[in-house]
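Please read these notes beside the model.

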Amino acid sequence: MLASGAVVLAAGSLLAQRSPKATALVVILVAGAAMRLVLIPLDPALSTDTYRYLWDGRVQAEGINPYVYAPEDESLAGLRDNDIWPNINRPFARTIYPPVAQAAFLTAELTGVRTPVAWKALTAAVDIAVMLLLVPALRAAGRDERWVVAYAWNPLPIMAFALTGHVDVLVVVAVLAATLAWWHKRPVTTGALIGVAAAIKLYPLILVAAYARASDGRWRWGTASAVAGTAVVVLGASYLPYAAAGSDVLGFLTTGYLEEEGYLDVSRYRLLRAVGLDGRFVAPVLGAAVGLAVLASRRPAPTRGAWLLGAALVLTTPYSWYATPLVALAVAGGAGWAWGWFALALHAAYVAIFYDHALEPLTGGVRLSTPLRVGAAGAIVALAGLALRWPWARRAVLWQRPDHRPSDDREPVS
C-alpha cells in the first residue's frame, strides 16, 4: 500500500502539474475509474462487512426490522443460504448500521444487488461519482480541479470501495455534498447532509464543529445553530421508521460493540497506550482541544473537517476505511498532501494490527503495529509544528492559503 501509493500519487502529482487542464482531467478520471473497475470481480478482502450489508437488505425485504433479530436467531433461519450467511461477521449480534445505511442495503436488495461482486460494483460506481463530485467542489473552493488526482489515485479509497465494498463511500458523497452546500452559504442544507452522513455511519456527526462557521470564516450563532440543529434532527428522524425496535434500535452499538472494540478500556486507544497514557481519560481531553482549535479556525470547513477526523483517527486508531472521508475533505478543502500519506499509513497500521500473522515471516515475529501508528501520527504532528515556520511543511499540511485562487491554466497551485 505504501509503495504503490508513493508511485501512483507521485505520478499523479506530476501529471497534474505538467499537463494542460483538459488533458490531465481526462487522464486522471479515466485512470481512476479503471483502477476501480479492475478490482470489482475479486472477492472482498480485509473485511467481511459486505456480507452483513447484503444480509440486512435481505432481512428488510422480508418486512423484518433489522434491529430486532441477530442473524443467528432462529426466526431468520429461512433466510440463510450457502453464500452470504456463512460469511457474516458477528452473527450473534444485531446490526449496528444506522438507518440511511439500512435504506441503501434494502434498495440494493430490491434492485437485484445480492452478491458481493454486485455490491462492490455499486460502491465502485458511487466512488467514481465521488471523483466527479470533487471537481465542482474544488472549483467552488477556488482550487485547480486537477488536484482531484489526490483522491482519484489514492490507493485507500480504491481498495476500501472497489475491493472491499465499504458503505463509507456514501459517507464521502454526503460529506462532499455538505461541503458544496457550505460553499454556497446554505447552512440548513449543510446540516441536513451531515445528518445524512451520520445516519450512514455515526462518526461524521463530529463534522458539525467543522461546518459551524459561515463560508466567509466568520462565527455566527444562527449559522452554527442551523448546521448543528438540522444535523441532529435529521439523524434522529432517520430512526423513526425503525422505532418499533424500541431501545434496541441502536443495535449492537449498545450491546457489546463498545466493549468488544475496546472503547471501555485502554485497548482501543493503542497509540496513547503505546506511550503510557490511558486513552479513556486522555483521548477526550485531546479531542476537545482539537475541537476547540477547529471551532476557532477560519480555514475552509473541509480543511477543518480533515483535522477533526485526523485527530479522531489518531486517538482511537479505528479501521483504515474511516479515513476515506478525510482524504476527500483534504482534497476539497485545500489541506496538504500529508493527509493522503497519513491515510495510507493508517491502512498499513490496520493490516499490521489485525493481520499480523501474515507479516510474521517478514518480521521474524515482531509486531509492527505500534511503530507504524507512532510513525503515522508523529509525522503529522511534526509537520503540523513545522508548518508554523517552514513553507514546505505548510504546503504539506495546509497546501495553500484559503484566499488564494489559481490563475494559470497549466500550473495548478502546489
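1. What share of the contacts in the chain with a separation of 6 or more comes from residues 24 or more positions apart? Such residues account for 74% of them, where contact means heavy atoms within 4.5 Å.

2. A word on the basis: this is a predicted model, in which local features need pLDDT of at least 70 and side-chain atom pairs count only at pLDDT 80 or more, while totals for chains, interfaces and linings use all residues. Residues are numbered from 1 along each chain as its sequence is written, and side-chain values use heavy atoms, with hydrogens and water left out.

3. The secondary structure comes to 19 helices and zero strands; helices (H or I, at least four residues) and strands (E, at least two) are DSSP runs, numbered from the N terminus. The chain has 414 residues, of which 52% count as buried, that is, under 20% relative accessible area with a 1.4 Å probe, protein chains only. Its accessible surface is about 17,300 Å², and 65% of that belongs to carbon and sulfur atoms; the areas come from the Shrake-Rupley method with a 1.4 Å probe.

4. Helix α5 (residues 116-140) and helix α8 (residues 168-183) have axes that come within 10 Å and cross at roughly 20°. Axes are lines fitted to C-alpha atoms, for helices over the stretch in contact, and angles run from 0 to 180 degrees between N-to-C directions. The crossing angle makes α5 roughly parallel to α8, a term for angles under 35 degrees. α5 passes α8 in a left-handed crossing, meaning that the near helix is turned anticlockwise from the far one by less than a right angle.

5. Which residues meet between α5 and α8? On the α5 side they include Thr123, Asp127, Leu133 and Ala140, and on the α8 side Val169, Val173, Leu176 and Trp183. By class, this contact has 15 nonpolar, one polar and one charged residues. Ala, Val, Leu, Ile, Met, Phe, Trp, Tyr, Cys and Pro count as nonpolar, Asp, Glu, Lys and Arg as charged, and the others, Gly among them, as polar.

6. Gln60 lies in helix α3 (residues 49-61). Is Gln60 buried or exposed? Gln60 is buried, because its relative accessible area is 10%. Leaving aside residues up to four places away in sequence, Gln60 touches Pro66, Gln102, Phe105, Leu106 and Tyr242.

7. Ala283 belongs to helix α13 (residues 279-296) and counts as buried, at 9% relative accessibility. Its contacts, not counting residues up to four places away in sequence, are Tyr269, Leu272 and Leu315. Tyr269 is 14 residues from Ala283 along the chain, and their C-alpha atoms are separated by 7.7 Å.

Technical notes
Angles under 35 degrees count as roughly parallel, over 145 as roughly antiparallel, 65 to 115 as roughly perpendicular and the rest as oblique. Buried means under 20% relative accessible area, exposed over 50%, partly exposed in between (1.4 Å probe, protein chains only).
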